[in-house]
Amino acid sequence: MFRSRRVRLLTVTVTAAVAALTLTACSTGSSDTVGESAATTSGPSLTLVGYAVPKNGWDAIGEAFRATESGENVTINADYGASGNQSRKVADGAPADIVNFSVEPDVTRLVKAGKVSEDWNASATGGVPFGSVVSFVVRPGNPKNIRTWEDLIRPDVSVISPSPLSSGSAKWNLLAPYAAVSNGGQNRQAGLDYITQLVERFPVQPDSGRSASEAFLQGQGDVLLSYENEALLLESQGQAVEHFVPEQTFRIDNPVAVVEGSANLQQANALNEFLYTEEGQRIWAESGFRPVDPGVAAEFADKFPTPGTLYTIDQLGGWTAVDADLFGENGAINAIYKASS
C-alpha cells in the first residue's frame with residue numbers, strides 16, 4: 001500500500017536533471033517576461049496569469065506578437081503556477097490582463113467575481129486556442145510494460161499525477177480513465193471504483209502538472225500522467241523519458257480569457273486574437289500543443305496521433321455538471337482523493 005508513505009509535495013527540490021528543464025514556472029507561482037530575449041520597456045505591459053505547463057508556448061507567442069503592429073513594444077509579464085491556485089489568486093485581486101488556465105471552471109470563477117465577461121467563451125472554439133490529450137510518460141524502454149489504464153492499478157506500478165485540489169491538469173488526468181472505464185460516464189460507479197484504486201498508486205501529491213513532472217524526473221513513480229505537450233517538451237530537452245497516447249484518452253481544452261479591468265484592454269484583446277491566427281496556431285503546434293484551427297491541425301497531423309477513442313468534457317455533461325459531481329466541494333473524485341491522503 002502507498003497510503004502510509006504518501007506525502008503532500010508542496011515544494012520539489014530540483015535535481016540537476018530537473019534543472020536542465022530550464023523552466024522558471026514553479027508550483028507556487030513565478031514571474032518572468034514572456035519571450036524575454038525580445039522584451040522591451042518602452043510600451044505597455046501586460047500581465048499573464050496562467051497555469052505552469054504552457055510557458056514554452058507563451059514564450060514563442062510573446063516574441064511573435066511583438067513583431068505585429070498590435071503588439072509592438074508590448075511586454076508580457078507572466079506569473080505561472082497551479083491552475084486552481086492561480087485562478088483563486090486573480091479572483092482575490094491579484095493583477096492580471098489575460099489569463100490562461102487548465103480548465104474552464106477556473107475561468108468561471110473569475111466570471112462570478114466580475115473580472116471576466118460572461119461571453120468570454122462565445123467563440124466557435126469556446127475560448128480555447130489550443131489543447132492536448134492525456135498521455136503516459138514512462139522510463140526509457142518502458143520497463144514495467146505499461147500500456148493500458150488497467151496497468152496503472154497493478155500492485156507493482158506507482159503513478160505520478162498532481163492533486164485535483166489545486167491542479168487543473170490533475171482533473172484531466174483523472175477524467176481520462178474515469179471516462180474510459182465508465183464508458184463515457186454511462187457506468188459512473190465503475191469509473192469511481194477505478195479512480196479509488198488508481199489513487200492508491202499515487203505515492204506523492206504534487207500541486208501542479210509541472211511539479212508532477214519534476215517529481216517523475218527525480219525518479220519517483222513508474223509512469224507519469226501528463227499532457228501530451230508536456231511529454232513532448234521533456235523529450236525535446238533530452239530527458240530520459242518516452243511517452244505514448246493510450247488507446248482511450250481525453251481531449252484537454254485549455255481556455256484563455258481577457259480580464260475586463262485591464263488597463264491595457266486593447267493590447268490584451270489583440271494578444272488574445274493573435275492566438276487564433278494561422279501564425280499563432282502554428283506556434284502552439286510547434287510548441288507541442290494541438291491547434292484548434294482545422295487547417296493548421298492538418299499540417300501537424302503526423303505530430304499528433306489520433307487515439308482510438310477520444311472522450312471530451314461535453315460527453316460527460318460539460319464542466320458545470322462534471323465539477324459539481326466529481327470535483328466540487330462534495331465531488332465524488334475529490335472525496336476519494338481526500339480520503340486517501
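This is a predicted model: local features need pLDDT of at least 70, side-chain atom pairs count only at pLDDT 80 or more; totals for chains, interfaces and linings use all residues.

Biologist: What volume does the largest pocket have?

Modeller: About 620 Å³. There are 30 residues in its lining, and V128, R251, I252, D253 and V292 are the closest to its centre.

Biologist: Which element gives the most to the lining of the largest pocket?

Modeller: β6 does, with four residues. At least two residues each come from β6, β11 (248–254), β13 (290–291) and α11 (294–299).

Biologist: And which domains does that lining draw on?

Modeller: Domain 1 (45–130 + 253–303) and domain 2 (132–252 + 308–340) each provide at least three residues of the lining of the largest pocket.

Biologist: OK, the second largest pocket. What is its volume?

Modeller: About 420 Å³. Its lining has 22 residues, with P105, R109, K171, D323 and F327 closest to the centre.

Biologist: How does that lining divide by class?

Modeller: Five nonpolar, eight polar and nine charged residues line the second largest pocket.

Biologist: Which helices supply it?

Modeller: α3 (83–91), α4 (104–112), α5, α12 (319–327) and α13 (332–340) each supply at least two residues of that lining. α4 gives the most, with six residues.

Biologist: Where does the second largest pocket lie relative to the domains?

Modeller: Between domain 1 (45–130 + 253–303) and domain 2 (132–252 + 308–340), because both give residues to its lining.

Biologist: What lines the largest cavity?

Modeller: 13 residues do, and Y51, S83, S167, S169 and G209 lie nearest its centre. By class, four are nonpolar, eight polar and one charged. α5 and α7 (209–217) each supply at least two residues of this lining.

Biologist: Why does the largest cavity lie between domain 1 and domain 2?

Modeller: Because both domains give residues to its lining.

Biologist: And which residues line the second largest cavity?

Modeller: The set is V53, P162, S169, N173, G209, A212, S213, L224, L225, S226, Y227 and E230. Six are nonpolar, five polar and one charged.

Biologist: Which element gives the most to that lining?

Modeller: β9, with four residues. α5, α7 and β9 (223–227) each supply at least two.

Biologist: Which residues other than glycine have a positive phi?

Modeller: N183 is one of them, with phi near 60°. N142 is another non-glycine case, at about 50°.

Biologist: Where do N142 and N183 sit?

Modeller: Both are in loops. N142 is between β6 (130–138) and β7 (159–160). N183 is between α5 (168–181) and α6 (188–199).

Biologist: Buried or exposed, for N142?

Modeller: N142 counts as buried because its relative accessibility is 6%, under the 20% cut-off. N183 is at 44%, so it counts as partly exposed.

Biologist: Now the core. Which residues of the largest nonpolar core touch the most other members?

Modeller: W58, L152, W172, L175 and F250, out of 65 residues in that core. α5 contributes the largest share, seven residues. Domain 1 (45–130 + 253–303) and domain 2 (132–252 + 308–340) each give the core at least three residues.

Biologist: What is F250 in contact with, leaving aside neighbours within four places in sequence?

Modeller: S132, V133, V134, W172, L175, A176, A179, L310, Y311, T312, I313 and L316.

Biologist: Last one, the overall numbers. How many helices and strands are in the protein chain?

Modeller: 13 helices and 14 strands. Of its 341 residues, 57% count as buried. Taking contacts between residues at least 6 apart in sequence, 77% join residues at least 24 apart.

Conventions: Residues are numbered from 1 along each chain as its sequence is written. Side-chain values use heavy atoms; hydrogens and water are left out. Buried means under 20% relative accessible area, exposed over 50%, partly exposed in between (1.4 Å probe, protein chains only). A nonpolar core is a set of buried Ala, Val, Leu, Ile, Met, Phe, Trp, Tyr and Cys residues joined through side-chain atoms within 4.5 Å. Domain bounds come from an automatic or database domain assignment. Contact means heavy atoms within 4.5 Å. On a 1 Å grid over the protein atoms alone, a cavity is a set of points where a 1.4 Å probe fits but cannot get out, and a pocket is an open set with protein on both sides within 12 Å along at least five of seven lines; lining residues have an atom within 4 Å of a point. Ala, Val, Leu, Ile, Met, Phe, Trp, Tyr, Cys and Pro count as nonpolar, Asp, Glu, Lys and Arg as charged, and the others, Gly among them, as polar. Grid points are joined across faces, edges and corners, and a volume is the space filled by probe spheres set on the points.
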